[in-house]
Amino acid sequence: QVQLVESGGRSVQARGSLRLSCTASERQYCMAWFRHAPVKERAGVAALDAYGITAYAKSVMGRFAISKDNAENTLYLQMNSLQPEDTAMYYCARSNYPVATMRVSDYNYWGQGTQVTVSS
């Protein structure tokens, strides 16, 4: 049974930074961060596959960075230059595939989410 636990979400001012963490990162599958804002669909933010390839949503490119610490079994999302539109519940997820993907349907394991709120 895969259990993913996110942490690090909180309220911040615009232009601030946060780092989200997710325990139980797995090397042989693609891991990703998704977010779900009110009245929007859950959407991929960043993915890191088993080969070290990353993928980002256009809206966060250049501001967010996904990484993992294999020794600590932890996935991270460094978020810089946060904007109010980044406000959402952020979820860590594990794909069924090793290659990078940000399709919700490619992920079978999800954490409980951590809330990020950015105020202007």
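Visitor: Why does Tyr107 count as buried?

Guide: Buried means under 20% relative accessible area, exposed over 50%, partly exposed in between (1.4 Å probe, protein chains only). Tyr107 has 4% relative accessibility, so Tyr107 is buried. This is a predicted model, where local features need pLDDT of at least 70, side-chain atom pairs count only at pLDDT 80 or more, and totals for chains, interfaces and linings use all residues. Residues are numbered from 1 along each chain as its sequence is written, and side-chain values use heavy atoms, without hydrogens and water.

Visitor: How many aromatic pairs are there?

Guide: Rings of Phe, Tyr and Trp (its six-membered ring) pair if their centres lie within 6.5 Å; planes under 30 degrees apart count as stacked, over 60 as edge-to-face, the rest as tilted. The count is four aromatic pairs.

Visitor: What makes the pair of Phe34 and Tyr107 edge-to-face?

Guide: The ring centres of Phe34 and Tyr107 are 5.0 Å apart and the planes are at 75°, so the pair is edge-to-face. Phe34 is buried, at 0% relative accessible area.

Visitor: Why is the pair of Tyr91 and Trp110 called edge-to-face?

Guide: Their ring centres are 6.5 Å apart and their planes are at 80°, so Tyr91 and Trp110 are edge-to-face. Tyr91 is buried at 13%; Trp110 is partly exposed at 25%. Phe34, Tyr91, Tyr107 and Trp110 form one aromatic cluster.

Visitor: Which charged end sits over the ring of Trp110?

Guide: That of Arg42, 4.6 Å from the ring centre. The rule asks for NZ of Lys or CZ of Arg within 6 Å of the ring centre and within 35 degrees of the ring normal.
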